[in-house]
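Subject: Structure handover and notes

Dear colleague,

I am passing on the structure we spoke about, together with notes on what was found in it. Please have the sequence and the model open while you read.

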Amino acid sequence: PESKLRVPPAEDLRLLNELGVRFAWDEQRAVDAHETGRVNFGTITFSKFFRLLPLVEYRRVIFLDSDVIPIANMDYLFTLSDGPDPLLRPNVILASRGEPCNTAVFMLQPEAGAVD
């Protein structure tokens, strides 16, 4: 169903905050999409990466699209990408034969000055 919400409900944001989930909402893009009925997927895809790069207070950041619902703890991804001999690289994008770059779920290592 089509939502009439322009911003997430305050109670949802409060619960996410209590769980330590950092939530970013691009209100202008949501308003534009709501008013025009169009979404520029290219802009959305690339803005995801740039929004995470300045989060240098974290060693790794996992991005999940709003339609991705984790059903288990994902902390193991951080463990697999850390240490002297990690199994995963610091920056991970899911891929398959049919989809060479799935930007719905990815992990990256924020770096100071990367956006400059």
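A residue is called buried here if its relative accessible area is under 20%, exposed if that area is over 50%, and partly exposed in between. Please keep in mind that this is a predicted model.

Overall layout

The protein has 4 helices and 3 strands, and from the N terminus on these elements follow one another as α-α-α-β-α-β-β. Of its 116 residues, 17% count as buried. The protein exposes about 9100 Å², of which carbon and sulfur atoms supply 57%. Among the contacts with a separation of 6 or more, 54% are accounted for by residues 24 or more positions apart.

The sheet

The 3 strands form an open sheet, in the order β1-β3-β2, with antiparallel pairing. Because β1 (61-64) and β2 (92-94) stand at the edges with a single partner strand each, one side of each is left without a neighbour in the sheet. On average, and with direction ignored, neighbouring strands of this sheet are turned by 15° against each other. Between β2 and β3 (residues 102-108), which run antiparallel, there are 3 bridges, and if you look at Leu94 you will find that its bridge partner in β3 is Asn102.

The aromatic pair

The count of aromatic pairs comes to 1. The ring centres of Phe63 and Phe106 lie 5.0 Å apart and the ring planes stand at 20°, which is under the 30 degrees required, so the pair is stacked. This pair links distant parts of the chain, since Phe63 belongs to strand β1 and Phe106 to strand β3, 43 residues apart. Are these two residues buried or exposed? Phe63 has a relative accessible area of 18% and is therefore buried, while Phe106, at 2% relative accessibility, counts as buried as well.

In soluble globular proteins, nonpolar side chains tend to be buried together. Here the largest nonpolar core has 7 residues, namely Leu52, Leu53, Leu55, Val61, Phe63, Phe106 and Leu108, and the elements that give two or more residues to this core are β1 and β3. Leaving aside residues up to four places away in sequence, Leu108 touches Phe49, Leu52, Leu53, Arg59, Arg60, Val61, Pro90 and Asn91.

Two further residues

Which residues does Ser81 touch, if those up to four places away in sequence are not counted? They are Arg60, Pro86, Leu88, Arg89 and Met107. Ser81 itself lies in the loop between α4 (75-80) and β2, and with a relative accessibility of 1% it counts as buried, because that value is under 20%.

Arg51, by contrast, is partly exposed, with a relative accessible area of 35%, and is found in helix α3 (residues 41-52). Although Arg51 and Pro110 are 59 residues apart in sequence, they are 9.8 Å apart in space, taken from C-alpha to C-alpha.

With kind regards

Note on methods. Residues are numbered from 1 along each chain as its sequence is written. This is a predicted model: local features need pLDDT of at least 70, side-chain atom pairs count only at pLDDT 80 or more; totals for chains, interfaces and linings use all residues. Side-chain values use heavy atoms; hydrogens and water are left out. Two strands pair if DSSP finds at least two bridges between them. Axes are lines fitted to C-alpha atoms, for helices over the stretch in contact, and angles run from 0 to 180 degrees between N-to-C directions. Rings of Phe, Tyr and Trp (its six-membered ring) pair if their centres lie within 6.5 Å; planes under 30 degrees apart count as stacked, over 60 as edge-to-face and the rest as tilted. Buried means under 20% relative accessible area, exposed over 50%, partly exposed in between (1.4 Å probe, protein chains only). Contact means heavy atoms within 4.5 Å. A nonpolar core is a set of buried Ala, Val, Leu, Ile, Met, Phe, Trp, Tyr and Cys residues joined through side-chain atoms within 4.5 Å. Accessible areas come from the Shrake-Rupley method with a 1.4 Å probe; for residues, only the protein chains shown count as cover.
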